[in-house]
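Thanks for coming. I will show one model and then go through a few of its parts.

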Amino acid sequence: MVMDFIVKDLDNNYKLDAFRNKADKIIFEISSEISTANCPYCGKESKRIHSRYQREIQDLPIQGKKVVLLVSTRKFFCDNDACCKRTFSERHTFVDANGKRTKRLEKNILFTSSQLSSINASKVLKNSNVDISKSSICVLLKKMPCFEKKCMGIMGDYMNNLMYAMEHSYSEMKIEIDQILKKTDYTTEDENSIFYAVGKCLHAMLDYAERIRSNDLDKDTLDAFKYANNGLKHGIEVETITKPTGGITFPIQFPLEIPVRRIIWKVKWDARSKRQEEMYLKHLDGKDVVSTCGEFIERLKKLKKV
Ligand SMILES: [Zn+2]
């Protein structure tokens, strides 16, 4: 599933079970793929499930919308006779035992708060649909070790923040395009929204790519995206392709092909750098915008930094 990476980024051992895009929030239902858990009190492993419940945890907003994770949580029996507890709830790596927000959201809140007073931070965060009060920010700040607090300055988490920005502008673009392509006809406003979303994603991607120091960076594809970015106003377009559904042979009355719409690269401008143009034609021209960006982002994230 397209939104899978949001979950895999939290923890590779979790999977996305369902995804709902509501008017005011986006909901991800997720669960762990590991069948056992260790008792947090005595450490003994258990696979005997007592019951299940859902925890509601707030995550980083997407497209200005609040994001809620509904995390399937199992209660296990602890079979260690010497243990003080009979049952325990499984812990999730990305949130504290009784936490209401993911660690990555808390990190983001702390970053904002380290730049502003907590009352202003609360306002800024509310604006981007993160629910947190001034007093909760103070509690979070107190919880953070002093050493980390010092590193929270602009430079400390700079690359991490650029990476968040890149991933989130990508998922925003993906959702925006999905929604617009579902419509039967688009307005100029829709076209502008697509341009805006693609532009934002490209900027965030190039921002990250240009600052990452790695010997394995694919400079050819980077140049291709630079060309696309500089010439973006000259072209991306909606293309309708027919996609074989595959596998359906009976009953034969079913149409064998369904039309699929997607956004493809169609950039043409007189760039000074012929190399960038060449790389663009080789790597991007006529290809799907969302998937080429997605693939490049995945590769950027895997780069070993030097
Ligand atoms: Zn135990």
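Predicted model: local features only at pLDDT ≥ 70, side-chain atom pairs only at ≥ 80, totals over all residues.

Residues are numbered from 1 along each chain as its sequence is written, and side-chain values use heavy atoms, with hydrogens and water left out.

The zinc ion has the protein donors C39, C42, C78 and C83, each through SG, at 2.3 to 2.4 Å. Donors are N, O and S atoms within 2.8 Å of the metal (3.2 Å for Na, K and Ca). The angles between the four donor atoms run from 101 to 115°, which makes the arrangement tetrahedral; that term needs all angles between 85 and 135 degrees. The spacing in sequence is C-x2-C-x35-C-x4-C.

Now the helices, which are DSSP runs of H or I of at least four residues, numbered from the N terminus. The axes of α6 (residues 158-182) and α10 (residues 289-302) come within 11 Å and cross at roughly 160°; axes are lines fitted to C-alpha atoms over the stretch in contact, with angles from 0 to 180 degrees between N-to-C directions. The two are therefore roughly antiparallel, a term for angles over 145 degrees.

The axes of α7 (residues 188-211) and α10 also come within 11 Å, crossing at roughly 20°. That makes α7 roughly parallel to α10, meaning an angle under 35 degrees. V198, C201, M205, Y208 and A209 of α7 contact V289, C293, F296, I297 and L300 of α10, with contact taken as heavy atoms within 4.5 Å.

Note on methods: Parallel < 35°, antiparallel > 145°, perpendicular 65-115°, else oblique. Tetrahedral: all angles 85-135°; square planar, octahedral: opposite > 155°, others 65-115°.
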